[in-house]
Amino acid sequence: HLLVMTVAQDVLDAREHVRKLDPESTASPWVVLGVEKNKLVLVGQGDDYENMLPLFKSDELMFGYAKVVVGDDMSKREKFVMICWSGGDVGLVKRGKMITLRAEVDEIFTQRAKVIEASDVADLTLESVKDQLIKSCGAAYGNSTS
């Protein structure tokens, strides 16, 4: 069974905005997708990670995609993170749709180092996400004295 879907052009454009590589930039571009009538829709996009967090609603299934810079002065790495959001007030029937939606989102955001499933914005602070990325990528770059 092949998953056939039409992805809106604004969603694809937002994805490219996040993927844009600019080694000099410390921005954390992001995009948030929501669901309307069983279709993925663009909720918002920007360049400051913290501005993404208020968009996640407690009664919605949503998806985020962001570029996060990890490392130190010696070695910086751009990592992409995908967020699967299921707000704490989402009912069981709606929560069950996450599997199908997640398959669609996996096709859109193929380039990523980590997938984070969350229902509490406190788990999505930039520091928390950086910590999770460092742990999952197996390379902790600290301030080395050697």
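Y65 and F80 are both buried. In this predicted model, their rings form a stacked pair, because the ring centres are 5.7 Å apart and the planes meet at 10°. Y65 belongs to strand β3 and F80 to strand β4, and the pair links distant parts of the chain, 15 residues apart. A further stacked aromatic pair is formed by Y65 and F109, with 4.2 Å from centre to centre and 10° between the planes. F109 lies in the loop between α3 (98–108) and β5, whereas Y65 lies in strand β3, so this pair ties together parts that are 44 residues apart in sequence. The relative accessible area of Y65 is 0%, and that of F109 is 0%.

The chain as a whole contains four helices and five strands. Along the sequence these elements follow the pattern α-β-β-β-β-α-α-β-α. Of the 146 residues in the chain, 36% are buried. Among contacts between residues at least 6 apart in sequence, 60% join residues at least 24 apart. The accessible surface of the chain amounts to about 8,500 Å², and carbon and sulfur atoms account for 50% of this area.

Strand β1 is mostly covered, with five of its seven residues buried. Strand β2 (residues 39–46) pairs with β1 in the antiparallel sense over seven bridges. Within this pairing, V35 stands opposite L40 in β2. The two strands, β1 and β2, form a hairpin with two residues between them, and K37 in the turn has a positive phi of about 50°. β1 also pairs with β3, again in the antiparallel sense, over four bridges. Here W30 stands opposite A66 in β3.

The largest nonpolar core has 19 residues. Y49, M52, F56, V68, L124 and V129 are the residues with the most contacts inside this core. At least two of its residues are supplied by each of β1 (30–36), β3 (61–71), β4 (76–86), β5 (114–118) and α4 (126–137). The largest share, four residues, comes from β3. When neighbours within four places in sequence are left aside, M52 is in contact with W30, V31, V32, A66 and I83. A second, separate core has 18 residues, among them V31, L40, C84 and L101. In soluble globular proteins, nonpolar side chains tend to be buried together.

A lysine was also examined. K67 is found in strand β3. With a relative accessible area of 4%, K67 falls under the 20% limit and is therefore buried. A polar atom of the K67 side chain lies 2.4 Å from the backbone oxygen of K20.

Key. Residues are numbered from 1 along each chain as its sequence is written. This is a predicted model: local features need pLDDT of at least 70, side-chain atom pairs count only at pLDDT 80 or more; totals for chains, interfaces and linings use all residues. Side-chain values use heavy atoms; hydrogens and water are left out. A nonpolar core is a set of buried Ala, Val, Leu, Ile, Met, Phe, Trp, Tyr and Cys residues joined through side-chain atoms within 4.5 Å. Buried means under 20% relative accessible area, exposed over 50%, partly exposed in between (1.4 Å probe, protein chains only). Contact means heavy atoms within 4.5 Å. A polar contact is a pair of N or O atoms within 3.5 Å; within protein, one must be able to donate a hydrogen and the other to accept it, and residues adjacent in sequence count only if both atoms are side-chain atoms. Accessible areas come from the Shrake-Rupley method with a 1.4 Å probe; for residues, only the protein chains shown count as cover. Rings of Phe, Tyr and Trp (its six-membered ring) pair if their centres lie within 6.5 Å; planes under 30 degrees apart count as stacked, over 60 as edge-to-face and the rest as tilted. Two strands pair if DSSP finds at least two bridges between them.
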